[in-house]
Amino acid sequence: MKLDWYNQNRNWNVNEIDINQQKQIGNSIRTIRHSKYLNLLAVLQFNSNIYIMDLSTQKGFSIQLHEIQSDIKFIFWSKNTNCLYALTMSNLIYEIEVDKDFGTWKINNTFHNPLFDFPSLNYIQINDVVNIEILSDINELVVNSGLLKDRICSISLHEENLVIGLINGEIFVKVDQEKLVSYKDCESEVNVTYILDESLFITCSLDTYVRLWKDNGGIWDSIELGKHTGWIYDCAYCKEKQIFYTAGGDGVISEWSVTEQKLIDFIPLNKGVASSCYLSSVSDDLFVGNYDGSLVKLNKKSSQIVHKYHKNSIWNFCKDKSGTAVYSVGADSKIVCSRADTGHIIKNLELNGGWINGIEYYSTLNCIVAVTSDGEIIIWDRDNDSYERIHLDDYWFNNVKIDIQNNHLVIATAEGDILVFDFFRKKIYKKIHFHKDQILDIALDNYKNIFISVSIDGEVAIWELKNFKLIKSIKLSQIHPTSLALNNKHDQLIISSLEGDIVIISMNENFKISYLIKAHEGRIWKSSVDSHGDFMATISTDRKLKVWKLPCLEFLKEWSDSTFLTSCLVSGNKVYFANQDGEFGCLSIDKYSSENNSYLISDQRTSCQIESEKDLFDVKCLLVTDHLDPMNKAYTERVYRILEDLNLEYVSVDLSTNSRLKEITYSLSGWLHYPQIYFNGRFIGAGSVLLEMYRNGTLKRLILQHMEIKS
């Protein structure tokens with residue numbers, strides 16, 4: 001295969017700093033704080049270890065407080081001294097004296113923590129504390145103002161300025177020594193408040209939006225700048241350049257201009273979660289802490305703004321009728337139209353909504369149809385360059401196909417329904433409820449008048465397109481499908497899976513099933529075929545793209561990348577591919593000869609049925625964790641926040657030493673990462689998907705569907 005082009009977002013140098021904690025349990029980075037007086041960086045990890053790094057040498061040492069009885073949640077430096085304060089989840093503050101010349105430390109004092117009974121507090125910005133008593137002053141002001149401590153989730157203190165964020169979307173701004181004034185920020189928790197100077201501050205909320213607040217003669221006005229696709233955890237500010245950065249749970253660092261009031265650049269790191277950041281005032285280096293335990297130093301290659309494509313993962317592609325344009329969609333709620341021959345951007349459509357999961361080209365009307373995790377249908381008219389957004393309540397859309405003959409959209413939903421949407425009347429024509437689990441993908445053939453749906457539990461359904469009659473239902477045992485690809489030339493339906501296997505169903509009368517075992521070592525995210533051609537492509541978490549020749553699935557070539565591949569599209573002898581950094585490229589299949597014949601197709605797939613722990617999985621809500629996973633502590637704490645906010649009772653189980661339980665959860669979910677959530681034994685979600693379900697209300701709908709919420 002030949003690489004035709006590869007458009008990348010890499011305008012930043014990314015250097016990982018070894019802080020010697022890479023394999024410890026709970027080594028995810030919680031926060032970073034800088035001492036101007038010492039020029040030291042303090043890196044707090046979720047296991048309560050603190051790494052002290054000298055910025056001039058980038059060398060350091062660890063502080064491990066073995067005697068503490070509870071986790072350290074916040075740290076900040078004392079102004080003009082060599083002391084670091086560590087606030088625990090109990091009622092104690094430790095004053096730690098640091099000697100950077102000898103790499104030693106000692107505990108000087110312990111103090112009462114006035115903020116220990118703020119149970120929802122998850123973010124504090126305090127720069128260079130003159131006196132630890134300032135925390136008592138904050139507590140006293142909160143009490144005197146009548147604020148409920150359990151509603152406060154973020155506090156920002158800078159000189160005489162104070163901003164407090166609440167879980168109900170309110171913020172309180174200090175206007176004098178004894179008064180707090182309330183403003184409404186949004187409808188969700190304000191999880192980050194960050195003061196830039198006496199007349200500017202930032203708020204970030206769980207709806208993932210970034211808002212800039214300005215003092216307008218004593219009244220504070222807000223401006224919505226944009227959003228991440230995951231929770232925002234920290235900010236950093238350069239006053240001289242009037243630029244600030246936000247670190248997001250989507251693995252992206254966003255660069256914002258205060259003067260232009262807009263996003264000007266972004267850096268997709270995709271190292272789990274970007275949990276904290278600090279901008280050096282001396283070198284313009286940006287230091288970022290991540291949930292994977294890494295500390296990364298970023299610096300710009302040039303001041304020129306690179307024309308970028310997507311912020312992070314690209315989920316899907318389509319081409320227009322002429323074949324000259326490629327459209328891509330992904331987690332950043334953007335549709336990008338690019339030239340098929342060079343990848344150069346023709347047009348961007350920024351929507352600031354949910355993940356855009358599916359996209360199709362409506363050839364007879366020359367428009368693009370896309371669907372989102374927020375239950376939106378996006379119709380982009382390419383003739384008039386105008387777009388329309390249609391919102392259907394109570395749905396998460398995974399993909400869409402177009403029935404040209406009847407002018408219907410056929411939509412796959414996470415709720416298990418197939419929606420048939422009348423394109424011209426702009427309403428649901430029919431709702432099909434057959435699948436018991438979420439539908440991941442749909443394939444459609446207008447010529448044969450059929451469409452196929454597949455759900456995560458391995459249920460494949462083949463339907464008549466005209467009257468929606470079920471033709472055939474096939475249950476795939478111990479297979480967790482991820483995508484469908486339909487080839488008309490050879491009458492084959494290709495199903496990729498989390499297990500790394502490929503299922504081939506013959507679409508003639510007998511619906512014969514065969515398996516390509518271990519086509520990839522990792523999970524296969526996507527398979528794509530040219531509907532009337534001979535080639536198929538697959539991409540996987542093993543970072544490989546493989547090309548196969550139909551109908552026998554003869555392996556031809558493979559291509560590897562340095563980052564995870566997330567989508568692919570086969571068109572003739574071209575393969576378009578995308579990765580988690582929002583980058584994409586094009587390969588040409590220049591040889592048809594087989595490279596390796598070790599892949600065999602079998603009529604049978606060996607699988608072992610695993611008996612579930614019935615009593616365990618019968619509980620209404622089960623949280624499954626693995627405390628031996630270095631990132632488990634950070635991710636589990638995030639899930640705790642979600643479950644507590646939804647007022648949901650749950651049972652938590654640690655399977656780190658229970659191999660049988662790991663097999664059971666894998667057989668139910670096809671997922672090896674934790675924590676995972678189950679409702680009445682049904683796998684609901686994990687990782688970033690669970691976060692998006694919480695943000696857009698899908699998780700709350702599933703709770704109402706499967707169980708009662710506590711009063």
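Mentor: Before we start, a word on names: helices (at least four residues) and strands (at least two) are DSSP runs, numbered from the N terminus. This is a predicted model, so names like β3 and α3 are labels for runs of that kind.

Trainee: Fine. Which helices and strands supply at least two residues of the lining of the largest cavity?

Mentor: Strands β3 (29-35), β7 (72-77), β11 (123-126), β16 (190-197) and β20 (232-238) do, and helix α3 (632-645) does too.

Trainee: What makes that space a cavity?

Mentor: A 1.4 Å probe fits there but cannot get out. The structure holds 1 cavity of 30 Å³ or more, and about 320 Å³ of space lies in the largest cavity. Of its 22 lining residues, the closest to the centre are Arg30, Asn122, Tyr123, Tyr233 and Ser275.

Trainee: How many residues of each class are in that lining?

Mentor: There are 11 nonpolar, 4 polar and 7 charged. Tyr counts as nonpolar and Arg as charged.

Trainee: Why is the pair of Tyr233 and Tyr291 called tilted?

Mentor: Look at the two values. Their ring centres are 5.9 Å apart, and rings pair if the centres lie within 6.5 Å. The planes are at 55 degrees; stacked needs under 30 and edge-to-face over 60, so what is left is tilted. Tyr233 sits in strand β20 and Tyr291 in the loop between β25 (286-290) and β26 (295-300), 58 residues apart, so the pair links distant parts of the chain. Tyr233 and Tyr291 are both buried.

Trainee: And what makes Phe423 and Phe424 edge-to-face?

Mentor: Their planes are at 90 degrees, and anything over 60 gets that name. The centres are 5.4 Å apart, again within 6.5 Å.

Trainee: How do you know that Phe423 is buried?

Mentor: Its relative accessible area is 5%. The cut-off is under 20%, so Phe423 counts as buried.

Trainee: Which rings form a cluster?

Mentor: Ring pairs link Trp5, Tyr309, Phe317, Tyr576 and Phe584. A search of the whole structure finds 32 aromatic pairs.

Trainee: Now helix α1. Which of its residues are buried?

Mentor: In α1 (residues 134-144) they are Leu135, Ile138, Asn139, Leu141 and Val142.

Trainee: What puts them on the same side of α1?

Mentor: They cover an arc of only 160 degrees around the axis, which is why they share a side. An α-helix has 3.6 residues a turn, so residues three or four places apart point the same way. After α1 comes Gly146, with a positive phi near 80 degrees.

How values were computed: Residues numbered from 1 in each chain as written. Predicted model: local features only at pLDDT ≥ 70, side-chain atom pairs only at ≥ 80, totals over all residues. Heavy atoms only, no water. Buried < 20%, exposed > 50% of the residue type's maximum accessible area, 1.4 Å probe, protein only. Arc of directions from axis to C-beta. 1 Å grid on protein atoms, 1.4 Å probe; cavity = no way out; pocket = protein on both sides within 12 Å on 5 of 7 lines; lining within 4 Å. Points joined across faces, edges and corners; volume = space filled by probe spheres on them. Phe/Tyr/Trp six-rings, centres within 6.5 Å; stacked < 30°, edge-to-face > 60°.
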